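Reader: I'd like to go through this one with you, starting with overall form and then moving to the contacts. Could you show it first?

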Amino acid sequence: MATADQVYPRDTPAQLLPAPVASTGVLGWLRANLFSSPANIALTMICVAAIVWIVPPLLRFFIFDAVWSGADREACLPSEQRPEPGACWAFVRVWSSYFVYGFYPISERWRVDLFFVLLALGIAWLAWLGAPRRDLGAIYFFIVLPILSYILLSGVPMIGLPDVPTSLWGGILVTIVVATVGIVASLPLGILLALGRRSTMPAVRLASITFIEFVRGVPLITVLFMASVMLPLFVPDRFAPDKLVRALIGVALFASAYMAEVVRGGLLSIPRGQYEAAQALGLSYWRMMILVILPQALRVTLPNIVNTFIGLFKDTTLVFIVGIFDFLRTIEAARGDPHWATPVTSVTGYAFAAVFYFVCCYGMSRYSRNVEARLARAHRR
Amino acid sequence: MAKMLQFPVRSKQQWTNIALQAALVVVVGGLIYAAAVNAANNLAKAGIASGFRFWDNTAGFDISQTLISYSSSASTFGRAFWVGLLNTLLVASLGIVLATALGFTIGIARLSRNWLVSHLAGGYVELVRNIPLLLQILVWYNAVLKSLPDLRGSIAIPGGAFLNNRGLFLPQPMFGANFGYVAAALLLGMVATLALRIWGRRRQDSTGQPPRMLYYAFGLIVLLPLVVFFAAGEPLSFSFPEMARFNIRGGAEILPEFAALLVALTIYTAAFIAEVVRAGILGLRSGATLRLVVVPQAMRVIVPPLTSQYLNLTKNSSLAVAIGYPDLVQVFAGSVLNITGQAVEVIAITMAVYLFLSLVTSFLMNLYGRRVAIAER
């Protein structure tokens, strides 16, 4: 049986062949992700064509052909050297201090800068989850900072800070003030409303539900109109708040209704056992909420709070419509300046605004996603 | 003794709760009362009437887009309200249809296995969601549509339309006398298709034979009206816009305000709808699996947030006021409020409209939620 002798098992493993070139490395990636089927190849081609069609002209307009410096519109008009001028960044540079401060007096602008620094400090303290004493951070952000900011921005003549009426405020300053007041007021109010909505007391529950559903059911513009037109009617003449304060009240009320729903979502995610354990320890309602439930609920819902804040930040542009000079309104005002009247002025102004809002909102949404991933990891453990 | 025990016994906590609620009622009631007294005083001082009598007074201002007949000299404020409301509903309903189509496309593109397609779709969503809607509306209106050529340089679009910075001028369909028959045939076809579908479902339940709807539906909804259309002597013609010296005559005009608002609302809301779709459909299958297994389950997750996006779109259409599209807020809370000065009544009516829309929607969503809820043991 010669053949039987020749069949024997291998005693050493065969050498592994390298994976085919076409399924590894760049080539393999391309094949799997871009050219896996005829339909995919067609889609890829369409996308590449779209990118080639859109991106180079955009780059040319906003960067390569853009005008970076100049004193007036002459720089941005078509000329011999520059038959097709791109974006007029010179316009943004000349107007930039107006975009940041509005008509805030030049000699007092350090106060605005200091406000920005104080605010950045507060945000960093709260946003960095590993920061020391975040409870102090919360007190700083929600109590100390608003008072300091009011003193700084509005002025107290007694301590040598002259009054600056809000009609002179403008630009990014106003956008930031509206957004900050919105978050600082809406978080505590939202927590109260959310607790009210889950209260066992029928009057409290009814009042909370009515307020929340009413505000969430109408557009922000109508709330702002109400604040700016009706509020002065509801108070005696001498207490009539100024225009910015009216808008701030409208924004704060609006944001707190949305915040209430976000906080309620957080409260719903806390298991019953936590409530029961706290009650078994003999904690009163408020101590139970403040010591046990809310810290957990707010932590879970932090990404949603940030997302609500992104919405609020975008919504601050609406104060434009009730005549307040926020950042977007200053852009609108500046692009109408006859010294800079060129075909590209509007586009440049809007592009600048878009970059500003995009950077702020995208940054916040990245942060919220990081926190979310971190919470998910902690949850899995 | 027995009588004493029937008296409700309340703990200290319960009494506190009752006191708290009483205090809340008193404070809220007091605030409302004080506001009402102040408002009455202030309005009287300014010589502004109160009540809803202004509704029947002559409006006296023009509106640039009216779906129902309206004239500044003869129509009332009430009529202006309906004009504004219809304009809001027009832009909102068109926006909802377009945003749904675009949003589902982008959402499905994000799930694509093609790297380039999914990342382009992702880029679109990130870019659009992170820029305020108001800025986008202004860009479309001021930077895009207003910078189109003027009347003389109008761009002629094949098919008899013109585009310039005053708007888009389209051929207007003129319905002949017999067009009613065509519409009736279309309606009949749709009703018959619906009936057939219900019958088909029943038959499938009892016999297991799936209905073959596609051919019947095509015949009833497309062919039947077409046949009637030719039988009735083609009762449809178009009035084409013509260039005159100072304007464009004839045709239907689409205002740049309307176009800018519609485009911006569609693009903005589509980004949010894409996210809703992506969250609902976790994986793509092909053919019957998609239609019979993935979509029905995904719909349960998708429909509630989708409707809330529709509501957002409707509420966001009030940004029309920034570019002067005559929607409810611009006409009513703008012009009518400025002329009459009756802030309380006008704002209350405007808010009531939006509130009505959202309450009806959330009521319907509750019904839907109950219908599709998974029966749990």
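Author: A definition to begin: the radius of gyration is taken over C-alpha atoms, and the globule rule is 2.2 Å times the number of residues to the power 0.38. This is a predicted model, where local features need pLDDT of at least 70, side-chain atom pairs count only at pLDDT 80 or more, and totals for chains, interfaces and linings use all residues. Residues are numbered from 1 along each chain as its sequence is written, while chains are lettered from A and ligands numbered from 1 in the order in which they are written.

Reader: What radius of gyration does chain B have?

Author: Along its principal axes, the C-alpha trace of chain B spans about 90 × 65 × 50 Å. For a compact globule of 377 residues you'd expect a radius of gyration near 21 Å, but chain B has 28 Å.

Reader: Which element gives the largest share of the side of chain B that touches chain A?

Author: Contact here takes C-beta atoms, placed from the backbone, within 7 Å. On that basis 44 residues of chain B meet 41 residues of chain A. Elements giving two or more residues to that side of chain B include helix H4 (115–129), helix H5 (133–145) and helix H2 (12–46), with helices being DSSP runs of H or I, at least four residues, numbered from the N terminus. The largest share, 11 residues, comes from H2(B).

Reader: How many residues on that side of chain B are nonpolar?

Author: Ala, Val, Leu, Ile, Met, Phe, Trp, Tyr, Cys and Pro count as nonpolar, Asp, Glu, Lys and Arg as charged, and the others, Gly among them, as polar. Sorted that way, the side of chain B that touches chain A has 3 charged, 10 polar and 31 nonpolar.

Reader: Are H8(A) and H2(B) parallel, perpendicular or oblique to each other?

Author: Ala203(A), Val204(A) and Ala207(A) in H8(A) meet Gln21(B), Leu24(B), Val25(B) and Val28(B) in H2(B). The axes, lines fitted to C-alpha atoms over the stretch in contact, with angles from 0 to 180 degrees between N-to-C directions, lie 8 Å apart at an angle of about 40°. Under 35 degrees is roughly parallel, over 145 roughly antiparallel, 65 to 115 roughly perpendicular and the rest oblique. So H8(A) and H2(B) are oblique.

Reader: By class, how many residues in the contact of H8(A) with H2(B) are nonpolar?

Author: No charged residues take part in the contact of H8(A) with H2(B). The polar count there is 1, and the nonpolar count is 6.

Notes
Two residues are in contact if their C-beta atoms, placed from the backbone, lie within 7 Å.
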